[in-house]
Amino acid sequence: MAGAEEILRFFNHSFKISNKEGRNNLVTEADHASEKAILEVIKTNFPGHSILTEETGNLPQESDYKWIVDPIDGTINFAHGIPINCVSIGLEFRGEMIMGMVYNPHLKELFFAEKGKGATLNDKPIKVSRETDVMKSCLVTGFPYIYLNIPNGPLDIFERLIREGVPVRRLGSAAIDLCWVACGRFDGFYEHKLEPWDSAAGSLIVKEAGGKVTDFTGGEFSVYQHRILATNGIIHDQMLNIINK
Ligand code: IPD
Ligand code: CA
Ligand code: CA
């Protein structure tokens with residue numbers, strides 16, 4: 001998959017790092033190289049389509065199709081040699097996600113979904129977990145680079161769950177978090193401040209694996225809003241209750 005070669009080429013080698021907004025919001029030479037490789041493939045094969053990427057921004061066209069690209073999701077992990085990072089590419093048609101792919105080149109795991117056709121991991125169908133009790137669940141979350149000091153903020157919800165003894169992991173890649181919900185490794189994922197490129201592919205993959213994805217009110221999820229709750233569906237209302245306590 002385009003971009004993945006660049007991730008592997010730079011991983012654990014030296015590369016230039018620069019800072020974006022926030023103290024630890026990094027962008028590396030590898031992010032730019034991965035994005036360039038992906039853009040080349042999309043522009044060559046679909047010259048009329050719109051594109052939205054994390055590092056370049058909006059490349060609008062008169063088109064029903066929009067590609068939404070995160071060239072490396074999990075950049076901090078990447079920069080520290082932690083093999084939990086990926087390329088995430090989603091395709092939107094008239095405002096609706098119709099295809100998503102997330103590839104972790106370190107684990108050689110390709111998650112893929114097409115709207116209405118289910119989700120796969122390395123070509124094998126995947127399903128969300130069947131856990132019925134949030135108290136017995138294994139969850140995952142992420143924290144924004146600039147802390148959100150708001151009611152029911154990231155630490156409030158984390159604290160509620162941890163005080164109940166619920167395992168909550170923090171992998172550092174929202175796209176992988178979502179895919180690991182889709183294949184049943186996690187029962188649920190929530191995060192307060194994602195961008196479209198973080199959630200575009202993964203949110204469709206969860207839905208196509210039989211899971212549920214909403215905002216924090218239980219309303220319909222859009223990749224253009226920040227808050228996301230993605231679960232196996234069964235524990236969704238229990239999670240909403242904890243989030244909105
Ligand atoms: C980040 C990761 C992380 C999430 C952050 C994202 P990046 O993306 O997905 O898990 O907690 O909100 O910004 O910066 O590595 O592409
Ligand atoms: Ca990201
Ligand atoms: Ca990124």
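Biologist: How are the donor residues of the calcium ion (ligand 2) spaced in sequence?

Modeller: First, the ground rules: this is a predicted model, where local features need pLDDT of at least 70, side-chain atom pairs pLDDT 80 or more, while totals for chains, interfaces and linings use all residues. Residues count from 1 along each chain, chains are lettered from A and ligands numbered from 1 as written, and side-chain values use heavy atoms, without hydrogens or water. D70, D73 and D198 each give an OD donor at 2.1 to 2.2 Å (donors are N, O and S atoms within 2.8 Å of a metal, 3.2 Å for Na, K and Ca; with water absent, sites may look incomplete). Their spacing reads D-x2-D-x124-D.

Biologist: Which residue coordinates both calcium ions, ligand 2 and ligand 3?

Modeller: Those two ions sit 3.7 Å apart. The residue they share is D70.

Biologist: How far apart in sequence are the parts that D70 and D198 tie together?

Modeller: D70 belongs to strand 5 and D198 to helix 6 (residues 196-208); these are DSSP runs numbered from the N terminus, helices being H or I of at least four residues and strands E of at least two. So the pair links parts separated by 128 residues.

Biologist: Is D70 buried or exposed?

Modeller: Buried means under 20% relative accessible area, exposed over 50%, partly exposed in between (1.4 Å probe, protein chains only). D198 is at 11%, so it counts as buried. D70 has 0%, so it is also buried.

Biologist: Which are the edge strands of the open sheet?

Modeller: Its 8 strands run in the order 4-3-5-6-7-8-9-10, with mixed pairing (pairing takes at least two DSSP bridges). The ones pairing on one side only are strand 4 (57-59) and strand 10 (124-125).
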